[in-house]
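Biologist: I would like to learn how to read the features of a model such as this one, step by step. Could we begin with the structure itself?

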Amino acid sequence: MAAIIQSIEAILVDIPTIRPHKLSMATMGVQTMVIVRIKDSDGLEGLGEATTIGGLAYGPESPESVKLTIDTYFTPLLLNQPAEAINTLKVRLNRATRGNNLAKSAIETALLDLMGKRLNQPLHQLLGGAVHRHIPVLWTLASGDTQTDIDEARRLLADQRHCDFKLKIGSRALMDDVRHVAAIKAAVGDSASVRVDVNQAWDESTAARGMAELQAAGIDLVEQPTPMKEHAALVRLSQQFHLPILADEAVADATDMFTLASAGFAGAVALKIAKAGGPLQALKVANVASAAGIGLYGGTLLEGTIGTVAALHAWSTLDTLHWGTEMFGPLLLKDDIVETPLNFHNNGVTLPAGPGLGVTLNEDKLAEYRRQ
Ligand code: MUC
Ligand code: MG
């Protein structure tokens with residue numbers, strides 16, 4: 001008899017960050033994640049996670065809305081259904097509910113974890129097997145202070161924890177941002193790749209000036225300089241400059257990727273399981289991007305270990321990650337809710353072994369950080 005889904009729990013968990021993380025749309029001092037636990041009739045449990053940045057500052061789903069969506073709308077559609085019918089369950093969810101990809105990503109992850117545990121196989125094996133087991137990871141310098149960022153970068157370079165850095169800009173005047181970025185690039189030199197993420201903060205003409213200045217400063221990549229819906233501007237900028245553009249907010253799912261690529265976009269895309277609606281959906285984006293000659297990058301919404309590991313399993317199956325990944329979310333948090341934290345070393349992270357995600361919840365830590 002096939003195992004059926006017996007319970008679904010969505011838990012809000014608040015963990016403080018190690019320092020304020022300053023982005024163009026919010027400064028984070030705490031990260032809130034929604035941890036999903038799906039139990040089946042054989043007593044197995046699958047784990048998933050949905051996270052975003054700064055409540056509703058980043059996108060239309062907040063942690064609280066993800067929990068409400070799962071509790072009120074998804075759970076009645078999934079309870080008593082066969083747990084291993086992941087594709088059928090996703091069709092069922094998508095026919096009855098629109099959007100809400102963050103919540104869907106947590107559910108898809110938990111179902112994949114459950115399937116991996118049932119088959120006693122790691123998640124990447126369900127996706128065809130890992131090509132890479134050590135995956136490059138950059139660090140985001142976003143303390144809000146140039147010298148603090150330089151000190152942080154030098155320490156991480158010396159420890160060989162990271163050799164690539166992403167800077168969050170867009171909240172200050174353009175030339176203030178350019179001075180900040182150029183000072184950091186000059187301090188780390190050629191030993192590090194420095195990229196920036198504007199998080200949609202510029203209009204097209206500001207972006208054109210910004211691209212020229214950043215190119216001159218030796219920056220390697222500019223992420224989402226203009227508003228997500230302004231595809232035409234992103235395409236024009238990508239054709240105007242040698243400095244490559246990374247599309248982030250502009251591309252959530254495979255259809256977005258197809259639309260942007262067919263409009264003539266050249267550059268790279270930040271894959272995120274949260275934007276796409278799960279690890280399987282994010283790999284569909286990767287397939288469309290690859291077919292269009294667009295570079296791949298493993299992106300994060302600053303998930304904790306569960307969401308980060310889910311993405312790592314997906315990225316591990318890709319032959320080339322042209323720009324590496326930013327799966328450092330757990331390192332930004334003061335504590336973790338899993339038994340064995342990820343092993344970040346040698347400018348990257350090792351994919352956990354073990355069935356499913358390969359991650360076990362620490363129940364005491366979960367009890368400590370869950371929202372009352
Ligand atoms: C984003 O916009 O890419 C990823 C790293 C980071 O610091 O923020 C994120 C989200
Ligand atoms: Mg981004």
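Predicted model: local features only at pLDDT ≥ 70, side-chain atom pairs only at ≥ 80, totals over all residues.

Biologist: From which domains does the lining of the largest pocket draw at least three residues each?

Modeller: Residues are numbered from 1 along each chain as its sequence is written, chains are lettered from A and ligands numbered from 1 in the order in which they are written, and side-chain values use heavy atoms, with hydrogens and water left out. A pocket is, on a 1 Å grid over the protein atoms alone, an open set of points with protein on both sides within 12 Å along at least five of seven lines, whereas a cavity is a set of points where a 1.4 Å probe fits but cannot get out; lining residues have an atom within 4 Å of a point. Here the lining of the largest pocket draws at least three residues from each of domain 1 (5–120 + 362–369) and domain 2 (126–350), with bounds that come from an automatic or database domain assignment.

Biologist: What is the volume of the largest pocket, and which residues lie nearest its centre?

Modeller: A volume is the space filled by probe spheres set on the grid points, which are joined across faces, edges and corners. For the largest pocket this space is about 660 Å³. Its lining has 30 residues, and Asn 101, Ala 252, Asp 253, Asp 256 and Lys 275 lie nearest the centre. At least two lining residues come from each of α2 (86–96), α3 (101–119), α9, α10 (273–276) and α11 (279–291), where helices (H or I, at least four residues) and strands (E, at least two) are DSSP runs numbered from the N terminus. By class the lining divides into 11 nonpolar, 10 polar and 9 charged residues; Ala, Val, Leu, Ile, Met, Phe, Trp, Tyr, Cys and Pro count as nonpolar, Asp, Glu, Lys and Arg as charged, and the others, Gly among them, as polar.

Biologist: How many cavities of 30 Å³ or more are there, and where does the largest cavity lie?

Modeller: The count comes to 2 cavities of 30 Å³ or more. The largest cavity holds about 80 Å³ of space, and among its 16 lining residues Ile 53, Lys 166, Lys 168, Thr 300 and Glu 326 lie nearest its centre. That lining comprises 5 nonpolar, 4 polar and 7 charged residues. Both domain 1 and domain 2 give residues to it, so the largest cavity lies between them. The second largest cavity has a volume of about 50 Å³, and its lining includes Ile 15, Met 33, Glu 49 and Pro 330. In the lining of the second largest cavity there are 7 nonpolar, 2 polar and 3 charged residues.

Biologist: Which residues coordinate the magnesium ion (ligand 2)?

Modeller: Donors are N, O and S atoms within 2.8 Å of the metal (3.2 Å for Na, K and Ca), and since water is not among the atoms, sites may look incomplete. The magnesium ion (ligand 2) is coordinated by Asp 197 (OD), Glu 223 (OE) and Asp 248 (OD), at 2.0 to 2.2 Å. Glu 223 lies in strand β8 (residues 221–223) and Asp 248 in the loop between β9 (245–247) and α9 (254–262), so this pair ties together parts that are 25 residues apart in sequence.

Biologist: Are Glu 223 and Asp 248 buried or exposed?

Modeller: Buried means under 20% relative accessible area and exposed over 50%, with partly exposed in between (1.4 Å probe, protein chains only). Glu 223 is buried at a relative accessible area of 2%, and Asp 248 is buried at 0%.

Biologist: How should I read strand pairing, and in what sense do β10 and β11 pair?

Modeller: Strands of a sheet pair through backbone hydrogen bonds, either parallel or antiparallel. Two strands count as paired if DSSP finds at least two bridges between them. Strand β10 (residues 268–271) and β11 pair in the parallel sense over 4 bridges, and Ala 268 stands opposite Gly 295 in β11. Both faces of β11 (residues 295–298) are covered, with Gly 295 and Tyr 297 buried on one side and Leu 296 and Gly 298 buried on the other. By contrast, β1 (residues 5–22) and β2 (residues 27–40) run antiparallel and are joined by 13 bridges, forming a hairpin with 4 residues between them.
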